[in-house]
Amino acid sequence: MKLAVRLKILSVLSLVSLLLVLGYLVASNYLFLSLKQKQKTMHQVNVLLSELTVNADLYLEIRDEELLNTQRLLSERAKKALSDLSSHSSGVRLHIDSICRIIESNEALLNQISSSFKSIPNMNGSAAVVSHLKARLSNAYISAQNDATTLSDELWVEQLGIIQLWGMTLALLIVVSIAFVIYSHINFANRFKRAVAKVLDGLANIRDGDLKTAINLEQNDELTDIARQINSMAKNLNELTVSKTELEAQIMARTIELQVETRTDTLTGVHNRRSLERVGERELNMALRYGQTLSMLMIDLDGFKPVNDTYGHSFGDIVLIQAAQTIATELRDSDFLARYGGEEFTVILPHTDFRSAYETAERIRKAFECKLFGDSEHRIQQTISVGIAEMSEREATLQELIELADKRLYQAKNKGRNRSYPTQQEN
Ligand SMILES: Nc1nc2c(ncn2[C@@H]2O[C@H](COP(=O)(O)OP(=O)(O)OP(=O)(O)O)[C@@H](O)[C@H]2O)c(=O)[nH]1
């Protein structure tokens, strides 16, 4: 149930409880006022009954017509006052009827006496008759007064009964509705508190990076709507994070690829000239700083132009790739091989003096001598010439070392190719 609806229902229930309390107060006040009014009427009836007795006695004494009229008037007023009493129970009605009957029969008797007085003149002055009539009328009115007293008691008991019944019913209703309102408020507050705690927990999880979190609320209110939105936000965020991680991985892989590409010769797969310059500088600086030896080999394929010319450029490419592999096979892991350009390769040999460099050059050269190059169609022999240079005080930079190795390579070519220059004796 929606929070707004729940709050409205609770407000209406609270209002109903308040109205019941007010109704109880108004009803009990009304009943007391009405009881008071009825008691007042009963008092009037009693007074009228006394006046009727006195007036009847007086009429019997002096037989004045005016008194008879007064008696009729008093009788009417007494009956009217009695009829004003709204009665509910049969007991009350019985007493009202009885009093009315006495008043009417006394009035009828007085009328009879009046006609008798007029028609039978010797009745005048008969003290015994008058006294008897007085007693008869008085007894009747006393009986009416007794009835009136009982009526008053009956009314009081009946009214109190009504007040009690109303009071009990309303009080019960008020207690039940207030209890229900209190229970509903407490229940609502507890559910609300639990739901808010769940939402806060979920938000804390998301803040801490748990984007797979899901807030599950049992009820169906505005808080559930908020939880649903938070869940969907976390899901979207999770998807974004995953794609961001994937993107970062792709960027990283591509960066590595590009780094490899920028330092690799695309044909042979060995380092390119740019890489040679970077690594060569670093190795030279290290060797100079720690007083270590370092040598360089400049290797050039002999008579490569005719290979291209005879078998084609693609065949030449195959030979170049196989040449790079042949050189690499003869090197240590710490050695560095790069394609200097065209059919020329450079090898940097760290921790290597001239003698060891010469040995390496010869090992490579001999490996070429022992091998056939080419594809399944054409197999050719391919020799190399090698220029050897060792780092020294004169050749302390990469450029100086390359120049020396290059110069010696051409000397090897001039001396007839397929050789390493200088030999140990020539150095
Ligand atoms: N197939 C192929 N040929 C290349 C490549 N780079 C350079 N060349 C060829 O290598 C040949 C080098 O020829 P030259 O500089 O005259 O030297 P050479 O014929 O090897 O003779 P010497 O070096 O004096 O023994 C040229 O024909 C170039 O076209 C390449 O990447 N692929």
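How are helix 4 and helix 5 oriented to each other? This note takes that point up first, then the rest of the model, which is a predicted one.

1. Helix 4 spans residues 127–207 and helix 5 spans residues 222–263; their axes cross at roughly 10 degrees and come within 11 Å. Angles under 35 degrees count as roughly parallel, and helix 4 and helix 5 are therefore roughly parallel to each other. On the helix 4 side the contact uses Ala 195, Val 196, Val 199, Gly 202, Leu 203 and Ile 206, and on the helix 5 side Leu 223, Ile 226, Ala 227, Ile 230 and Ala 234. Sorted by class, this contact of helix 4 with helix 5 holds ten nonpolar residues, one polar residue and no charged ones.

2. A second pair to check is helix 7 and helix 8. Their axes are 6 Å apart and the packing angle is about 135 degrees. Angles of 65 to 115 degrees count as roughly perpendicular and those over 145 as roughly antiparallel, so helix 7 and helix 8 come out as oblique to each other. Helix 7 brings Phe 304, Val 307, Asn 308 and Tyr 311 to the contact, while helix 8 brings His 313, Phe 315, Gly 316 and Val 319. The contact of helix 7 with helix 8 has five nonpolar and three polar residues, and no charged ones.

3. The ligand has 16 residues around it, and the closest are Asp 302, Phe 304, Lys 305, Gly 316 and Gly 342. Of these, Phe 304 and Gly 316 also take part in the contact between helix 7 and helix 8. At least two residues of the shell come from each of strand 1 (294–301), helix 7 (304–311) and helix 8 (313–329). Helix 8 contributes the most, with four residues. By class, the shell around the ligand divides into seven charged, five polar and four nonpolar residues.

4. The unreviewed UniProt entry annotates residues 165–184 as "transmembrane region". In the model this span is 100% helix and 0% strand, and its end C-alpha atoms are 28 Å apart.

5. Val 21 sits in helix 1, which covers residues 3–62.

6. His 351 is partly exposed because 16 other C-beta atoms lie within 10 Å. For Arg 417 phi is about 70 degrees, and the residue lies in the loop between helix 10 (398–414) and strand 7. Arg 417 is also partly exposed, because 14 C-beta neighbours fall inside 10 Å.

7. Which peptide bond is cis, with omega near -5 degrees? The bond in question runs from Tyr 421 to Pro 422. Pro 422 is in the segment after strand 7, which covers residues 420–421.

Notes: Residues are numbered from 1 along each chain as its sequence is written. This is a predicted model: local features need pLDDT of at least 70, side-chain atom pairs count only at pLDDT 80 or more; totals for chains, interfaces and linings use all residues. A residue is near a molecule or strand if its C-beta atom, placed from the backbone, lies within 6 Å of it. Ala, Val, Leu, Ile, Met, Phe, Trp, Tyr, Cys and Pro count as nonpolar, Asp, Glu, Lys and Arg as charged, and the others, Gly among them, as polar. UniProt positions are given in the numbering used here, feature names are shortened, and annotations may be inferred rather than shown by experiment. Axes are lines fitted to C-alpha atoms, for helices over the stretch in contact, and angles run from 0 to 180 degrees between N-to-C directions. Two residues are in contact if their C-beta atoms, placed from the backbone, lie within 7 Å. A residue is buried if 20 or more other C-beta atoms lie within 10 Å of its own, exposed if 12 or fewer, and partly exposed in between; C-beta atoms are placed from the backbone.
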